[in-house]
Amino acid sequence: MNKTFLRLSGIVALTALAQGARSELKWEQTSVDLKPALGDKQAVAHFKYENVGNTPVHFKSVHASCGCTTAQTQNEQVAPGQKGEITATFNIGGRTGIQVKTVTVQTDDPDPAHATTVLTLKAAITPLLEIQPALVYWQNGEEPKPKIITAKANKDAAIKKLDVTSSTSDFTAKVDAGSAPNEFKINVQPRDTTKAVYATLTIKPDSPSTANVFSAAARVMPPPPTTKSTLSTIRHDLATPAATAASPSQ
């Protein structure tokens with residue numbers, strides 16, 4: 001009876017010790033929203049943590065979701081009670097709009113619920129210019145009237161004018177003030193719509209904060225293809241007068 005009791009007491013004690021020895025990273029936040037300023041090249045998020053367990057935590061791997069994002073740890077091992085952070089750096093490049101990047105962190109925590117953590121960086125990148133539409137076109141033979149591309153500038157960009165040039169002399173482009181603040185109207189006109197032609201329109205704002213160059217396109221469509229039925233009609237019309245001329249008169 002006493003031996004059994006002692007054995008059970010020993011098992012309980014060992015279990016308590018095993019449960020008491022644990023490592024766990026507690027994250028201050030696992031998602032960060034960023035709003036990079038106009039002209040920023042990078043968006044940087046800091047994910048802070050603390051080891052709230054009583055044994056060290058080791059980082060096994062830290063992987064970013066794409067090549068445009070990097071992640072760095074301060075330490076490979078985090079002692080009990082120690083604090084630190086993972087820094088995630090997103091290289092903006094020419095990207096605009098809402099960009100969501102993740103960093104997957106794996107540790108040696110024996111609890112699967114805590115061993116893997118996904119950190120999320122969300123960056124809202126406002127473009128310098130919003131161009132609509134990106135393409136204007138004319139049907140073959142259509143009247144060569146001007147068509148408009150609207151360029152809306154970021155209010156913080158201090159853009160006073162746009163320079164627009166065409167890659168070919170088949171189109172002309174003229175810039176006027178738009179109907180709203182920070183808006184420009186680009187009037188694009190083809191010289192001739194009887195032949196198919198394509199051009200790239202290069203748009204250069206005079207903003208001192210960036211040297212970005214934007215583009216749009218203009219096109220005159222080719223004539224519609226000649227169908228078999230159209231060819232048959234043409235051949236029939238051409239053959240009819242000849243056949244009539246060859247018939248004997250009554």
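Student: Is Lys185 buried, partly exposed or exposed?
Tutor: Lys185 is partly exposed, because its relative accessibility is 23%. Buried means under 20% relative accessible area, exposed over 50%, and partly exposed in between, with a 1.4 Å probe and protein chains only. Please note that this is a predicted model, in which local features need pLDDT of at least 70 and side-chain atom pairs count only at pLDDT 80 or more, while totals for chains, interfaces and linings use all residues. Residues are numbered from 1 along each chain as its sequence is written, and side-chain values use heavy atoms, with hydrogens and water left out.

Student: Which residue forms a salt bridge with Lys185?
Tutor: The partner is Glu183, with the closest N and O atoms 3.7 Å apart. A salt bridge here is a side-chain nitrogen of Lys or Arg within 4 Å of a carboxyl oxygen of Asp or Glu. Glu183 counts as buried, because its relative accessibility is 10%.

Student: How many salt bridges does the structure hold?
Tutor: There are four. Among them is the pair Glu143 and Lys145, whose closest N and O atoms are 3.9 Å apart. Glu143 counts as exposed at 52% relative accessibility, whereas Lys145 is partly exposed at 49%.

Student: What does Lys195 meet in a salt bridge?
Tutor: The side chain of Lys195 meets that of Asp170, at 3.6 Å from N to O. This pair links distant parts of the chain, 25 residues apart: Lys195 is in the loop between strand 15 (183-190) and strand 16, and Asp170 is in the loop between strand 13 (162-166) and strand 14 (171-177). Strands are DSSP runs (E, at least two residues), numbered from the N terminus. Both side chains are partly exposed, Lys195 at 45% and Asp170 at 22%.

Student: Changing topic, which residues make the nonpolar surface patch?
Tutor: Leu135, Tyr137 and Tyr198 make a patch of about 320 Å². Such patches take residues with over 30% relative accessible area and no salt bridge, and join nonpolar side chains (Val, Leu, Ile, Met, Phe, Trp, Tyr) within 5 Å, or like charges within 9 Å. The areas come from the Shrake-Rupley method with a 1.4 Å probe.

Student: Where does Tyr198 lie?
Tutor: Tyr198 lies in strand 16, residues 197-205, and is partly exposed at 48%.

Student: And which residues form the covered face of strand 3?
Tutor: In strand 3 (residues 42-51), the covered face holds Ala43, Ala45, Phe47, Tyr49 and Asn51. Tyr49 is the bridge partner of Trp27 and stands opposite Gly84 in strand 7.

Key: Helix = DSSP H or I, 4+ residues; strand = E, 2+ residues; numbered from the N terminus. Pairing = 2+ DSSP bridges.
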